[in-house]
Amino acid sequence: MKQLFQTTWKLAPVLMLLLVGSAIGARAQGAKLQMDQLDFLANKASETVDVKLDERLMQTTAKFFSGKDSDDAEIKAVLKGIKGIYVKSFTFEKEGEYSQVEVDSVMSQLRGSTWSKILTVKSRKDGDNVEVYLNMTGDQIGGLAVLSIEPKEFTIVNIVGPIDLEKLTKLEGQFGVPDLGIEKDKTKKQ
Amino acid sequence: MKTKIKIAGLVMALVIIAGPFRVRASGDGFNDVVKMIEQFYHVKHQSIPLLARAGMKAVSTAARIKGGDYKRLAEAGSVRVAFFEDQNFDSRGQISTFKTSMRTTLEGDWSPLVQTLAPKNEEQTYLFIRDAGAKFHVLVVTIERREATVVQATVSPEVLAQLMKDPNEMGKTLTEDATINDN
């Protein structure tokens, strides 16, 4: 019993570090959505796009955008602090190929206290079908999620890190972020 | 003493159990993927393409990315290519199973970057990446109804940064770069 107590006491600092580490990890993961549950839709979809640009890759490549070139300088500024860009997009031939259950598997994660729906953005094509959610911890922006729900298309964009709508529009069509048809001047608050 | 023996036994058991998985994880990604494609689709690869690729000149996309005169994106001597030509790539509705197998095969060292699937046309593109010291290894797998290509190349971080701007085109650009006939 004494030996067990001594062993546990020696391991206490290690256990503490593990606990603190996992707590930090859990907070950092807060803005990252779980989307792998949607992978089975690839069998029904006529086209699937899955992009994962993680923190390590973002940080490694961001520093290689030169500040001298104006385009690269803008990209460098937009990417500053971004910890990941994750995109899943499914295009279907017919309507009704995906259900509310699939949509809810993502939406349920956005109902947490740190997420709030900030905008419904008018699509250039079909009207109010793009929703933008912001993840906030205190006054810090943790990330952003965009859901585009159309009868024949379901797209989720999840950006982890300090990002706002202006940066998002600059990322459209780049780094795997699809052209969502976001028009800043036509957005309306919910 | 008994406790020590028990711990040693436990460690031995863990080493024995984990052994095969560790070997699998540290395998050569390129060869592993080629084998996996052969097993899933019952096809055979060729290291040298059967069809002449003389028509494949320095592509405009690569030149556009680099700006000005065309320069190879991959580091010299780093390219490995396996072709599958004029063979049947029918996933029999199991394209997502193939996607999962691909991910499992490369799990560990390689990170998935882009995956595009179009099951109706049996078209798939996979792009994986891994650290190679100061540079990066990029693995591109392109599958169509009658042919497939597996390319592994080493790229500098500067080239990778430019390619990252359009990850959806990255696989196509690197595959074209790797299969360009310089003559």
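Reply: Contact means heavy atoms within 4.5 Å. By that rule, 28 residues of chain A are in contact with 28 residues of chain B. The model is predicted: local features need pLDDT of at least 70 and side-chain atom pairs pLDDT 80 or more, whereas totals for chains, interfaces and linings use all residues. Side-chain values use heavy atoms, without hydrogens and water, residues are numbered from 1 along each chain, and chains are lettered from A in the order written.

Me: What makes an area between chain A and chain B count as buried?

Reply: Buried area is the accessible area (1.4 Å probe) that two parts lose on being put together, summed over both. For chain A and chain B this is about 2,300 Å², with 54% of it on carbon and sulfur atoms.

Me: Why is the pair Asp50(A) and Arg103(B) called a salt bridge?

Reply: The term requires a side-chain nitrogen of Lys or Arg within 4 Å of a carboxyl oxygen of Asp or Glu. The closest N and O atoms of Asp50(A) and Arg103(B) are 3.8 Å apart, so the pair qualifies. The count between the two chains is six salt bridges.

Me: How do you know that β1(A) pairs with β2(B)?

Reply: Strands are DSSP runs of E, at least two residues long, numbered from the N terminus. Two strands pair if DSSP finds at least two bridges between them. Four bridges join β1(A) to β2 (residues 111-118) of chain B, so the strands pair; they run antiparallel. Within β2(B), Leu117(B) is the bridge partner of Thr48(A).
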